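Hi everyone, thanks for making time.

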Amino acid sequence: MDRPLRTTKSAKSGLRFPVARIRAMLKAKSFAQRVSDTGAVFLTAVLQYLAAEILEVSLNAARTNNGSRRIQPQHIHIALKVMVSFHLCSEMQFSLAVHT
């Protein structure tokens, strides 16, 4: 009686972040009456993407500051500042393009 191996929602969707845990958190916080599996997968994918972007910019900051491949909290802080300033700059350019 061999049981088939279980595959997680994360493995099915090709993500590293835990889909089931994020779905449970969504249900526990009562953001909506119902939470679908696809909604949890989408939110997990967005969170994974944001984490990867922050880590990539942090690694670039670590390499430019001291040539190290070790990310320190100050590098994450620099990365977040760069990403926020980039977002504000692109938002400003978009608003200028819309209003002209």
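**Helix H2 and its neighbours**

Let's begin with the crossing: H2 passes H3 in a right-handed crossing, meaning that the near helix is turned clockwise from the far one by less than a right angle. Before I go on, this is a predicted model, where local features need pLDDT of at least 70, side-chain atom pairs count only at pLDDT 80 or more, and totals for chains, interfaces and linings use all residues. Residues are numbered from 1 along each chain as its sequence is written, and side-chain values use heavy atoms, with hydrogens and water left out. The helices are DSSP runs of H or I with at least four residues, numbered from the N terminus.

Two packed helices are described by the angle between their axes and the distance between the axes. Here, the axes of H2 and H3 come within 9 Å and cross at roughly 110°. Those axes are lines fitted to C-alpha atoms over the stretch in contact, and the angles run from 0 to 180 degrees between N-to-C directions. That makes H2 roughly perpendicular to H3, a label for angles of 65 to 115 degrees.

Who makes the contact, with heavy atoms within 4.5 Å? From H2 we have Val19, Ile22, Arg23 and Leu26, and from H3 there are Asp37, Ala40, Val41, Leu43, Thr44 and Leu47. By type, these are seven nonpolar, one polar and two charged residues; Ala, Val, Leu, Ile, Met, Phe, Trp, Tyr, Cys and Pro count as nonpolar, Asp, Glu, Lys and Arg as charged, and the others, Gly among them, as polar.

Now, which residues of H2 are buried? They are Val19, Ile22 and Leu26, where buried means under 20% relative accessible area and exposed means over 50%, with a 1.4 Å probe and protein chains only. Seen down the axis of H2, the buried residues fall within an arc of 70°, so they line one face of the helix; the arc is taken from the directions from the helix axis to the C-beta atoms. Their cover includes helix H1 (9-13) and H3.

On the face turned away from that buried side, H2 carries the exposed residues Ala20, Arg21 and Ala28. For Arg21, the relative accessible area is 55%.

Ser30 is not a glycine, yet its phi is positive, at about 55°. Ser30 is also exposed, with a relative accessible area of 57%.

How values were computed: Helices (H or I, at least four residues) and strands (E, at least two) are DSSP runs, numbered from the N terminus. Angles under 35 degrees count as roughly parallel, over 145 as roughly antiparallel, 65 to 115 as roughly perpendicular and the rest as oblique. Contact means heavy atoms within 4.5 Å.
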